[in-house]
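Dear colleague,

I am handing over the structure we spoke of, and I would be glad if you could look through it alongside the notes below.

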Amino acid sequence: MTVSSREKILSGIRRGLKRGPLEGSARDAVEARLADLKRNLIPARGQLDRAGQLRLFREMAEMLDATVEIVDGPDAVPAAVDGFLGRHNLPKTLRMAPHETLEALPWAEKAPLLELNRGAARVEDQAGLGMAFAGVAETGTLVFLSGGNSPATVNFLPDNHVAVLRASDIAGAYEEVWTRIRADREPGTLPRTVNLISGPSRTADIEQMLIKGAHGPRRLHIIIVPDDEAA
Amino acid sequence: MQTTSHAFKDNARKAMADVDLRTALKRVETGFTTARRKAADRLPEFEDLRDAGRDIKNHVLENLDFYLERFEERVIAQGGKVHWCSTPREARETILKLCRSVDARTATKGKSMIAEEIALNPFLEANGIEPIETDLGEYIIQLADEPPSHIIGPAVHKTKDQVSDLFLEHHWKYGRTERQTDPQALVNEAREILRQKYVDADVGITGANFLVAETGSTIIVTNEGNGDLTQMLPKMHIVIASLEKIVPTLDDMATIMRVLARSATGQEMSVYTTLSTGTRREGDLDGPEEFHVVLLDNGRSEMVGTELQELLRCIRCGACMNHCPVYHTVGGHAYGWVYPGPIGAALDPHFLGIEEARHLPSASTFCGKCEEVCPMRIPLPRIMRYWREQAFERRVGPPLERAGIRFWAFFARRPALYRLATRLAIRVLRRLAGRRGVLTALPFAGGWTDGRDLPAPEGRTFQELWKSGRRSP
Ligand code: SF4
């Protein structure tokens, strides 16, 4: 059944295009386009200098109702997380992505009362902490790659999502992030899930009124760790 | 979905008498259009990005077979499977078989117009699998047992009061016995009820805004996060997508993504853009064990190389209906099938046949706004004109209607002449309207206006009247 539909669809397309399967130089040209991975037009706002990118990232993320905090250094992250939970009267329990960068932080020393649970998130979790792979200045977007150190559920199930982002991981445009993702992978592959997240969950499905916290997190808090001169 | 497109005129008449609907449509008209304008203005490259997006899609369509095969290769290489389906029936049966293979009792669903196109929900229900819509708008209309009335805001026609009533009626069984009226409370209630459903579901079904040939990824763009919970918690993720969603690379996707949300809701970017590729990997802590892409044709391959090919560039952003004076007047349900507004008027005759859908391409005021705002620069008015000519040539509809079309077609091919003629005709029209000042038939506008009164022009043309928002009560 499926084999014949596959053939039917492909031959239907080819009939419409008045040719057989792509061959010769025509095929080479398309293969070359695919291999080139050429970038298309990138808006000027995605091509600022490093300091400009950081500024724009923050501005865009805040416009989307995320909160942004720039801490002094990695050692200040546990207290920042702790402070966020305290500000919102949340229990001092955290679902944490078992990411090596997060694991290396001085939790016991700086936030001794915080209970950390590793692994995939559960429905009852109220706050999740993830390590962003990148930020995109042009729209204040965070990028997460799923993996053993970064379960995607952490970014979606808990009501409160806290993300740690290195300043040097803030890119101007999405295309720079694709380049970075491709760099350490077999060509043509991606992790199971790549999440681009721009602000907390929202809906406008009731009379077009903007309501936050539809199904994903109601709050998104971004902790930026300065690790280059620009920050 | 049962089509009522043949009854467009009746549907439209009823819609225009619906006060709640008129209020809702006013919100579409002002809300979406203002937001799009602002978003476009904030990005100086917006118009150039539209051109770039159009060019990418044109390139894809010229090489559609190649990119689809490459996409399939990449999906398989990462543990997934592609199911090519020529017809809605084949797609429905494929999905049912997949659901049965894991003994599914419930399937959560993200928003998908293709699922509407193949009428998936009633089919799953009839076969003992409960489909649970998780997008708030889709959830609302599922409770109301209605089709969507807008491709990005399925419940735009519903008032908050109606949602309050629906929730009270259907959430009673969960112990929610208080009628909520605050919108935040309504959203919270739906959120809490759906939360456990995500976890309990055996299968998660989502649509796709893009398919990427480079990586074999399927991509959804949402604001709520429901599509993500739908696909990451159950053991099987089924993606249902039509084949024209394919783009070559991630870079191409990024280009089109930059015009999608801005055109649709006026957001710079939707909250969640999610790339799903294959199955859960070794060492992953969550994600589905099975990944299936149901790739639907449903006559699209036949559009390649024809006058209709340009419709395959559509990214279903909804801008054309948000800006359409006819949609603003009659709403989505009047169109009688899955796709309303200008894109529906151009697309539905292909799916339903011109006999059934013959009124839709006539539902136009020639204002050209749809083409003006379409991010993919699809010549929607030209395609509607094509269908009207087809209807005439194939002699569908009653003879009087055909005579109208012939007359109309002559002018429609000559827009300048059409405008001149209508200006000259104003005096005649006013005389026709007589003292009442109301016209019951508009000779040049053809079919769909027959069922309603138009105010007599006061020195302005029909198109100008529409533009200025002046309408019959
Ligand atoms: S036809 Fe154009 S404007 Fe209408 S939904 Fe498709 S892409 Fe959007």
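What follows describes the interface, the ligand surroundings and the cysteines.

This is a predicted model, in which local features need pLDDT of at least 70 and side-chain atom pairs count only at pLDDT 80 or more, while totals for chains, interfaces and linings use all residues. Residues are numbered from 1 along each chain as its sequence is written, chains are lettered from A and ligands numbered from 1 in the order in which they are written, and side-chain values use heavy atoms, with hydrogens and water left out.

Between the two chains, 103 residues of chain B are in contact with 85 residues of chain A (heavy atoms within 4.5 Å). Chain B and chain A bury about 7900 Å² between them, 57% of it on carbon and sulfur atoms, where buried area is the accessible area (1.4 Å probe) that two parts lose on being put together, summed over both. Of the area that chain B buries against chain A, Arg191(B), Asp251(B) and Arg258(B) supply 9%, more than any other three residues. The interface also holds 14 salt bridges (a side-chain nitrogen of Lys or Arg within 4 Å of a carboxyl oxygen of Asp or Glu), including one between Glu31(A) and Arg70(B), whose closest N and O atoms are 2.7 Å apart.

Around the ligand there are 13 residues, of which Cys314(B), Cys317(B), Gly318(B), Cys320(B) and Cys374(B) come nearest (a heavy atom within 4 Å).

As for disulfides (cysteine sulfur atoms within 2.5 Å), the count over all chains is zero. The sulfur of Cys324(B) lies 6.3 Å from the closest cysteine sulfur, in Cys367(B), which is too far for a bond.

Best wishes
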